[in-house]
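Visitor: Please show me how to read the features of this entry, one at a time.

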Amino acid sequence: MSSATTTDPRLTAPRAAPKKRMRLSWSDPVFRSIVWQVLIVGVIVAIVWYLAANTNRNLASRRIATGFGFLSRNAGIPIGESPIPYDPSISTYGDALIIGILNTLKVAVIGVVLATILGTVIGIARLSRNWLVAKLAAVYVEVLRDLPLLLQLLFWYTLLQALPGPKQSLHIGDAVFLSNRGIKIPLMVWQPAHSLALLAFAVGLIGTWLYARRSRRRQEATGERPVVWPAALGLLVALPLAVWAMLGAPFQVELPVLRGFNFQGGGLISPEYGALLIGLVIYTASYIAEIVRSGIQSVAQGQWEAGEALGLSRAQVMRRIVLPQALRVIIPPMTSQYLNLTKNSSLAVAIGYQDVVSIAGTTLNQTGQAIEGIAYIMAVYLTISLSISLFMNWYNAHIALVER
Amino acid sequence: MLRTTRKSAAALIAGVVFSFGLAGSVLAQTPSASGSATLDNVRKRGELLCGMAGTVPGFSLADSQGVMRGLDADSCRIVAAAALGDASKVKFVVTTTQNRFTALQSGEVDMLSRSTTWTLSREGNLGLMFAWINYFDGTGFLVKKSAGIKSAKEMDGATICVQPGTSTELAIADYYRVNNMKFTPILIQDINEIQGAFLSGRCDAYSTDASALATFRFSQGPKADDLVLLSDIISKEPLGVMVRKGDDKWFDLVRWSFVAALTAEENGVTSKNIDTFADSKIPDIRRLLGLEGELGKALGVDQKWAYNIVKQVGNFAEIWDRNITPMGVPRGINNLWNKGGLQYAPPMR
């Protein structure tokens, strides 16, 4: 606190340093640093220019087609699984490459979520007071971290291929079928009412967030915290249900049926996707488990003792005191693991899942435009990775200790 | 498995090679001693760099001694015999279906002999050209006998194993489109993985060139009888050897090496009896053996180039009988034109 008589030095503006004119002399540090920076930038520009010019000249002299014109050409390449409609006879290479991105995102996003859940559970299990649980978690981490990922992917893929054929598939009733063609599951037939119910859920989500914020403000102001959960329940469950019921509560399930060579109808998780997802999640979870464990252990023992002295249960101490502090240690290395998982998904080519590398590889082979193909793959991974980094950095700043 | 991960690496390397423009690419611009920069490089190096698959029985697969055997491998040898006078001076470079063109474009290999289908867009866009067809093939289907499939037309809704980046995947997509049927492709780069997926039952059918299907079936030994090669051939797949554009003299040498092997077959000249023709009166044979004319000079190689091909590797029939016949594949349309086939050698004069 500053008093009336003394002036806080932090409150007065620092006196400006006397302006010195830069001299054109090697002994002047400002001049020196400018010369070096100009030189370095110049060298980089020269190298890039040389490489680009040389590439162009060599491609031209070898009469190799260049440019991205092939993106609008009819693709003709078959694609095994696609989240959007694809027909080789009308779709273009551009469409095929977008499917590649979607397939990569499909495995990366779900993989990151599942690996985080599994890794956190295993990491906490390693610290369990139960000897067996702790040791099992330790074995999990040590074994899976030490085996090459490619080997694990091939293992899972071979395992899934060893399942019986579609006609002898393992099944739960007439709904779920497990065979070497993948897992067939019943699929709800999507109707407009469902979209509206989903919209109501989103509205409920925003409402709950606003309500929770208001109740937190109330707590800060009065010390009394209004309960949130009844309102949340109403907004998140009752509201969407009411919308759905009002529109006639449509509900229709499409069951997979064996016809000809394969199952028709219903949803499918292919062995290729399954093997890739299982492999990536299980492998990455072993690293995440270690990060979670080290994060929790980085919180001083005194925090536990202080929490317990206040009468909180062990679970409460973990949730309210230890985990929030551990998160600050956990988040930065976690970002690297998310990036690793995303990049490792490119191993999909080995087991026939058509991610962006697989489709771009086929495209560059069918069109012969290797440089464009590789540039495309690099741009896609760079974009995805930078997005993950940006989000995680934002989240890290959000939970960071606010230093005053 | 290494090959799969090496695919994009090879493309990257190609990018780097293009970017820095190695000595080879500079040489390619300037005509030299033989008139062919590639031939000069091969001579200076003392060996021919030849891209092949290395995984296909009958076409290119190392035997128990580590020697590369097969039609594609011998296709490299005849060019080495013509260019260097020694058929053994070939360095076989393993390429995948995905990095093969890049390997040739970037100068990693001097020629590509990898059961590659001659198509317009490959010749038009890749900066490469086809010198000769060494196998007239077509896309076929291999199915399990237990599936009871008799014709490709019965395979609506089937799951088909195929290697990505091949003309096969395009041919199948076209075939299903024309016949208004649907299929699910399983695309795996590594040939052992894709064959494993078919054998495990992941796919209903395995599709590639009928020749490769026949040799794959043959390689299954006693289990070959469980597999059926459908009689439907759904596309034309002329498999050829490729060279880079821009070096026409090298193209000539590769093309005429095949013509020499075919001409020898046509005239009954084999590796065993070639020396008995030394005093032959037949002009075709005299020119083939280099006793008459200046054909070697025209190609920029030794006058005995064709003699070396036949003596060291054999005529086309010998090459076929050595590599393809043991796989149980009949010569069929691959026979000489005067025996009902498509192989027609232009006159060597």
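Visitor: How many helices and strands does the secondary structure of chain A come to?

Guide: This is a predicted model, in which local features need pLDDT of at least 70, side-chain atom pairs count only at pLDDT 80 or more, and totals for chains, interfaces and linings use all residues. Residues are numbered from 1 along each chain as its sequence is written, while chains are lettered from A and ligands numbered from 1 in the order in which they are written. Helices (H or I, at least four residues) and strands (E, at least two) are DSSP runs, numbered from the N terminus. Chain A has eleven helices and eight strands.

Visitor: What does the radius of gyration say about chain A?

Guide: The radius is taken over C-alpha atoms, and the globule rule is 2.2 Å times the number of residues to the power 0.38. For the 404 residues of chain A the rule gives 22 Å; the radius is 29 Å, well over that, so chain A is more spread out than a compact globule. Its C-alpha trace spans about 90 × 75 × 50 Å along the principal axes.

Visitor: Which domains does chain B have?

Guide: Bounds come from an automatic or database domain assignment. In chain B, domain 1 is 2-137 + 238-339 and domain 2 is 139-234. Taken over C-alpha atoms, the centres of these two domains of chain B are 29 Å apart.

Visitor: How many residues of domain 1 of chain B are in contact with domain 2 of chain B?

Guide: Contact requires C-beta atoms, placed from the backbone, within 7 Å. In chain B, 19 residues of domain 1 are in contact with 15 residues of domain 2. Helix 1 of chain B supplies the largest share of the domain 1 side, three residues.

Methods
Two residues are in contact if their C-beta atoms, placed from the backbone, lie within 7 Å.
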